[in-house]
Amino acid sequence: MSTVWLAMIGLGILTFLTRFSFIALLERWQAPEIVQRALRFVPVAVLTAIIVPELVQPNDVLDLRPYNPRLLAGLLATLVAWKTKNVILTILVGMAVFWLLLWVFPPG
Amino acid sequence: MDETANSIRNSSLQELWGGIKAELPILVGALPFGMIYGISALSAGMTPGSAQAMSSVVFAGSAQVLLVQMVKANMPLAVMLATGFVLNLRHALYSASLAPYMRKLNLWWKVILSYLLTDEAYAVVITHYNQPDDGAPRHWYFLGAGLTLWTGWQLSTAAGIFLGAQIPSSWGLEFSLPLIFIALVVPALKDRAGVLAALAAGLCVVAVSGLPYKLGLLVAAFVGIVVGLWSEKQ
């Protein structure tokens, strides 16, 4: 078998086991109270850690310039999400600002 | 069929449909991402068959793109597995956070929903589970959201493989993915501890982005969680 297939199947199994881990375990095991409280922060902590590099590190290089389209679009989307709690409106405003800035400040 | 069986079936279908509808906006960002993966897999020298297979065997976008880059760079198998594994470890946190809601499901439900537990499914599913419990069979919502993303991911991989460079990737549609995560996370920031957890994770992920083996995301998530716990006590 080629290395590609070994890597794919190996990572497939590891990824499934990671996803299955606590869902499988928790039937028998009751998490301590502090862990239960910690779990409340999983969505905000992990998803924010996914979002932020998408805004400030396009192509893996830190870009905090105010006209970085992703940063500005992301900040405005945050404002819209906070004020309206509307998913579709947040995406629409974010993409509109993103495209507008790409058009005004073409990359490169 | 008696009344009870009927109403159980109806509420299951309602939840399934709710999950499908909630996941649809995510596809705007996930489909271009899937095509980018398909195109990059071919350009790394993978066959169309193995490129397509990876989308259902691994079923994790960022890990697939990373694996393709490592295949192209001829990395040793152990390094590929270790790096992909660390990148995907955040799913253990998702697993822990959803586990209390899935305790009563049978093994098959747990296996299938675990397989479908991606970032994109988790973001909408945890938002649904965080609503007050109305007794609805919410695992059907999870199934609807998960299957919608899975189907979109397979089709968009195929589109990337077979249509390839004919599709303009310069539109940047995949940027809608972080925007959707913003739309789901921001309303969940209901107290000071949550806001501080998010801020800490966001600052930390940039500060540690130089860490090898994609450890940064995981470190940032842990720092965010610890800051959240700590500020709860203040």
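Domain bounds here come from an automatic or database domain assignment. With that in mind, I looked up chain B, which is divided into domain 1 (3-170) and domain 2 (189-234).

**Ground rules**

I noted that this is a predicted model, where local features need pLDDT of at least 70, side-chain atom pairs count only at pLDDT 80 or more, and totals for chains, interfaces and linings use all residues. Residues are numbered from 1 along each chain as its sequence is written, and chains are lettered from A and ligands numbered from 1 in the order in which they are written.

**Entry: the two domains of chain B**

I took the domain centres over C-alpha atoms. The centres of domain 1 of chain B and domain 2 of chain B are 24 Å apart. I then looked for contacts, meaning pairs of residues whose C-beta atoms, placed from the backbone, lie within 7 Å. Seven residues of domain 1 of chain B are in contact with six residues of domain 2 of chain B. On the domain 1 side, α4 (77-88) and α5 of chain B each supply at least two residues. Helices (H or I, at least four residues) and strands (E, at least two) are DSSP runs, numbered from the N terminus. The most comes from α4(B), with four residues on the side of domain 1 that touches domain 2. I sorted that side of domain 1 of chain B by type and got five nonpolar, one polar and one charged. For this sorting, Ala, Val, Leu, Ile, Met, Phe, Trp, Tyr, Cys and Pro count as nonpolar, Asp, Glu, Lys and Arg as charged, and the others, Gly among them, as polar.

**Entry: chain A**

I counted five helices and zero strands in chain A. The domain assignment of chain A gives domain 1 (1-30) and domain 2 (41-108). The centres of these two domains of chain A, over C-alpha atoms, are separated by 32 Å. How does the radius of gyration of chain A stand against that of a compact globule of 108 residues? Chain A has 20 Å, while the globule would be near 13 Å. That radius is taken over C-alpha atoms, and the globule rule is 2.2 Å times the number of residues to the power 0.38. Along the principal axes, the C-alpha atoms of chain A fill a box of roughly 55 × 45 × 25 Å.

Next I checked burial. A residue is buried if 20 or more other C-beta atoms lie within 10 Å of its own, exposed if 12 or fewer, and partly exposed in between, with C-beta atoms placed from the backbone. Buried residues make up 43% of the 108 residues in chain A.

I followed helix α5 (residues 87-104) of chain A from end to end. This helix has 18 residues and reaches 26 Å from its first C-alpha to its last, close to the 26 Å expected at 1.5 Å a residue. The expected span is 1.5 Å times one less than the number of residues. Buried residues of α5(A) include V87(A), I91(A), M95(A) and F98(A).

**Entry: where the chains meet**

The contact takes 69 residues from chain B and 58 residues from chain A. Helix α5 (residues 90-102) of chain B gives the largest share of the chain B side, twelve residues. The chain B side divides into 51 nonpolar, 14 polar and four charged residues.

I also looked up the largest nonpolar core. Such a core is a set of buried Ala, Val, Leu, Ile, Met, Phe, Trp, Tyr and Cys residues joined through C-beta atoms within 7 Å. Of its 102 residues, A45(A), A49(A), F181(B), A197(B), A201(B) and A221(B) touch the most other members. Leaving out residues up to four places away in sequence, A201(B) touches residues of both chains, among them A45(A), A49(A) and A221(B).

I found L67(B) in helix α3 (residues 61-72) of chain B. Why does L67(B) count as buried? Because it has 27 C-beta neighbours inside 10 Å. Beyond four places in sequence, L67(B) is in contact with A7(A), L11(A), M80(B) and G84(B).

F59(B) lies in the loop between α2 (48-57) and α3 of chain B. Phi of F59(B) is near 50°, a positive value in a residue other than glycine. F59(B) counts as buried, with 22 C-beta neighbours inside 10 Å.

N74(B) lies in the loop between α3 and α4 of chain B. Phi of N74(B) is near 55°, also positive in a residue other than glycine. Is N74(B) buried or exposed? N74(B) is exposed, with 7 other C-beta atoms within 10 Å.

Conventions:
Two residues are in contact if their C-beta atoms, placed from the backbone, lie within 7 Å.
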